[in-house]
Amino acid sequence: MSLEPNTANKTAWGRISRDGLWSNNVVLAQSLALCPLLAVTGTATNGLGMGLATTAVLIASGFLIALIRGWVTPEVRIPIFVLVIAVLVTLVDLGMNAWLHDLHKMLGLFIPLIVTNCAILGRAESFASRNGAGASAFDGLMMGLGFTLALVLLGAVREIIGSGTLFANASLLLGEGMAFLEMTLIPDYRGFLLAILPPGGFIALGFILAGKRLIDTRLAEARQRRESTAGAGALAGS
């Protein structure tokens, strides 16, 4: 089934957005890409940089794979998809090294390792290989933004608790235009080292996942109450 814009299927586009940002979020729902998530989110700035790099690869890979899907046989589709993703990651890696060198040094090996991110290959196989280029690029955008949201959220929690700052060194790592993001939330804060160490990442992620589960449960209960009320009203009206 194609989800191209000329179908005028707004519900499908809304579902793609909802899945990427919340319902099927790479981290919060699928628990994928946890290695870079926990490794680079000592600050929100690092999380934002890693998230945007991954989003660029998701958009481009979805678009390109959707374009070539008719020419790739099922027997070789996975190697071809991995090759496309690897080329795109290499381009992102070289671009960041050239124009965002400080951020590139900070993220280090985790930029080339984007090619091993299961979420990217998973979207290529489950969505881009079955839908048109426009929908696949949009799916990559939403999945990437959802992943970036999780990275920034975890990085922000760890940075605030660990250092009392938010988006520290954003102007240095992301460019002078991002200086407005830098904030000191707790002046003269002595810091809490555990929060910015790996154990703190696991603990913070656990609370974030628990929060999502709680919100999903409350939303499901509210939806069930609305449906019950609507059903009772229909019976009373009849």
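Mentor: Let's start with burial: of the 238 residues in this protein, 41% count as buried. Keep in mind that the model is a predicted one.

Trainee: Okay. How many helices and strands does the protein have?

Mentor: You'll find 10 helices and 2 strands. Reading from the N terminus, the elements go α-α-α-α-α-α-α-β-α-β-α-α. The C-alpha trace spans about 65 × 50 × 30 Å along its principal axes.

Trainee: Where does UniProt place the feature "transmembrane region"?

Mentor: The entry, which is unreviewed, gives residues 20-40, 52-72, 78-100, 136-154, 166-186 and 192-210. Treat those as annotations that may be inferred rather than shown by experiment. It's worth checking such ranges against the model. Over residues 20-40, the chain is 52% helix and 0% strand, with the end C-alpha atoms 21 Å apart. Over residues 166-186, the figures are 24% helix and 14% strand, and the end C-alpha atoms are 10 Å apart.

Trainee: On to salt bridges. What's the general idea, and how many does a search of the whole structure find?

Mentor: Side chains of opposite charge can pair when their charged atoms come close. Here the search turns up 3 salt bridges. Take Arg-77 and Glu-125: their side chains meet at 2.9 Å, N to O. Arg-77 sits in helix H4 (residues 77-99) and Glu-125 in helix H6 (residues 118-128), so this pair ties together parts 48 residues apart in sequence.

Trainee: What about Asp-216 and Lys-212: how many residues apart are they?

Mentor: They are 4 residues apart in helix H10 (residues 198-237), which means about one helical turn separates them. Asp-216 is partly exposed at 26% relative accessibility, while Lys-212 is buried at 4%. Lys-212 has another contact for you to look at: it lies over the face of Trp-22, at 4.9 Å from the ring centre.

Trainee: Now rings. How do I read an aromatic pair, and how many are there by this rule?

Mentor: A pair of aromatic rings is described by the distance of the centres and the angle of the planes. The count here is 1. Trp-13 and Phe-138 make up the pair, at 5.0 Å centre to centre and 70° between the planes, and that arrangement is edge-to-face. It links distant parts of the chain, since Trp-13 is in helix H1 (residues 10-23) and Phe-138 in helix H7, 125 residues apart. Phe-138 is partly exposed, with a relative accessible area of 23%.

Trainee: Which residues form a nonpolar patch on the surface?

Mentor: Ile-161, Met-183, Leu-185, Ile-186, Tyr-189, Phe-192, Leu-194, Ile-203 and Phe-207 do, and together they have about 810 Å² of accessible area. Pick out Ile-203, which is in helix H10. At 45% relative accessibility, Ile-203 counts as partly exposed.

Trainee: Where is Asp-188, and is it buried or exposed?

Mentor: Asp-188 lies in the loop between strand E2 (183-184) and helix H9 (193-196). With a relative accessible area of 80%, Asp-188 is exposed.

Notes:
Residues are numbered from 1 along each chain as its sequence is written. Side-chain values use heavy atoms; hydrogens and water are left out. A salt bridge is a side-chain nitrogen of Lys or Arg within 4 Å of a carboxyl oxygen of Asp or Glu. Buried means under 20% relative accessible area, exposed over 50%, partly exposed in between (1.4 Å probe, protein chains only). Rings of Phe, Tyr and Trp (its six-membered ring) pair if their centres lie within 6.5 Å; planes under 30 degrees apart count as stacked, over 60 as edge-to-face and the rest as tilted. A charge sits over a ring if NZ of Lys or CZ of Arg is within 6 Å of the ring centre and within 35 degrees of the ring normal. Patches are made of residues with over 30% relative accessible area and no salt bridge: like charges are joined within 9 Å, nonpolar side chains (Val, Leu, Ile, Met, Phe, Trp, Tyr) within 5 Å. Accessible areas come from the Shrake-Rupley method with a 1.4 Å probe; for residues, only the protein chains shown count as cover.
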